Amino acid sequence: MNPPPAEAAAPRPPRRRVHTRARLLAAASELFLTVGFARTSIEDVCAAAGYTRGAFYSNFGSKEDLLLALFDDQAAKRMAELEQLAAACEALAPNERARLLVEALLRVEPAETGWILLFLEFRLVAARSETLAEQVAAHDRTVVRAAADVLERALPELVPPGASAGQAAAVILAAREGLLARTAAGGAVAEELMAATAAVLSGLLGH
């Protein structure tokens with residue numbers, strides 16, 4: 001009996017593609033954080049994940065798309081943590097609540113340092129490419145919208161009078177990223193700057 005034509009073959013289950021994507025993301029995360037973005041190739045990611053370039057391109061258009069997907073995942077986790085913290089602080093006075101939330105936004109856990117350095121590396125790469133710069137801007141807009149939604153629903157005290165939630169979210173995220181760039185190396189100076197920034201922002205936002 002002749003085999004059925006290729007087009008009659010059953011399509012791959014969607015969950016297989018999800019699994020492939022997850023493995024590529026996990027492999028890329030490990031490589032980007034240890035080697036860096038510029039020194040990691042698509043071939044490196046494929047080899048670490050155990051897939052071919054075809055599998056890569058069926059999930060991502062480029063190495064840059066892959067990295068932005070990782071950044072999206074990290075941002076989503078951060079927003080979820082912020083919502084949980086807001087709920088836990090709901091009964092506190094506005095000034096105290098603002099202080100705790102600002103400190104949580106600025107705090108850098110040891111596991112985050114690599115992500116900070118990776119994102120700074122990618123921003124520098126993107127600054128030299130109009131296409132990449134727009135991709136990063138689109139990522140930023142998505143994160144700002146998500147953060148603004150959290151502010152409107154759960155953290156209204158972090159929106160100063162006369163400002164919109166979107167404006168407040170954009171400023172807070174930009175300040176956080178700049179501060180993290182200055183404090184990524186850690187040490188006493190970094191801790192002093194972190195404490196000073198938290199105190200100033202808490203005073204400004206805890207209206």
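Is tyrosine 57 buried, partly exposed or exposed? Tyrosine 57 counts as partly exposed, at 39% relative accessibility; buried means under 20% relative accessible area, exposed over 50%, and partly exposed in between (1.4 Å probe, protein chains only). The model is predicted: local features need pLDDT of at least 70, side-chain atom pairs count only at pLDDT 80 or more, and totals for chains, interfaces and linings use all residues. Residues are numbered from 1 along each chain as its sequence is written, and side-chain values use heavy atoms, with hydrogens and water left out.

**Aromatic rings**

- Rings of Phe, Tyr and Trp (its six-membered ring) pair if their centres lie within 6.5 Å; planes under 30 degrees apart count as stacked, over 60 as edge-to-face and the rest as tilted.
- By this rule, the count is seven aromatic pairs.
- The pair of phenylalanine 56 and tyrosine 57 is edge-to-face, because the ring centres are 5.2 Å apart and the planes are at 85°.
- Phenylalanine 56 is buried, with a relative accessible area of 0%.
- The pair of phenylalanine 71 and phenylalanine 122 is tilted, because the centres lie 6.1 Å apart and the planes are at 55°.
- Phenylalanine 71 belongs to helix α4 (residues 63-88) and phenylalanine 122 to helix α6 (residues 113-126), so their pair ties together parts that are 51 residues apart in sequence. Helices are DSSP runs (H or I, at least four residues), numbered from the N terminus.
- Both phenylalanine 71 and phenylalanine 122 are buried.
- One aromatic cluster is formed by Phe32, Phe37, Phe71, Trp115, Phe119 and Phe122.

**Helix α7**

- Helix α7 (residues 130-154) has 25 residues. From its first C-alpha to its last, α7 reaches 36 Å, close to the 36 Å expected at 1.5 Å a residue; the expected span is 1.5 Å times one less than the number of residues.
- The buried residues of α7 include Leu132, Val136, His139 and Val143.
- Among the elements that cover the buried residues of α7 are α4, α5, α6 and α8 (165-183). 

**Cysteines**

- The whole structure has zero disulfides, a disulfide being a pair of cysteine sulfur atoms within 2.5 Å.
- Cysteine 46 is buried at 3% relative accessible area, and cysteine 89 is buried at 6%.

**Confidence**

- The mean pLDDT of the chain is 83, and 89% of its residues reach 70 or more; pLDDT is the predictor's confidence in each residue, from 0 to 100.
- Confidence is lowest in helix α5 (residues 94-106), at a mean of 75, and highest in helix α2 (residues 42-49), at 97.

Conventions:
Helices (H or I, at least four residues) and strands (E, at least two) are DSSP runs, numbered from the N terminus. Contact means heavy atoms within 4.5 Å.
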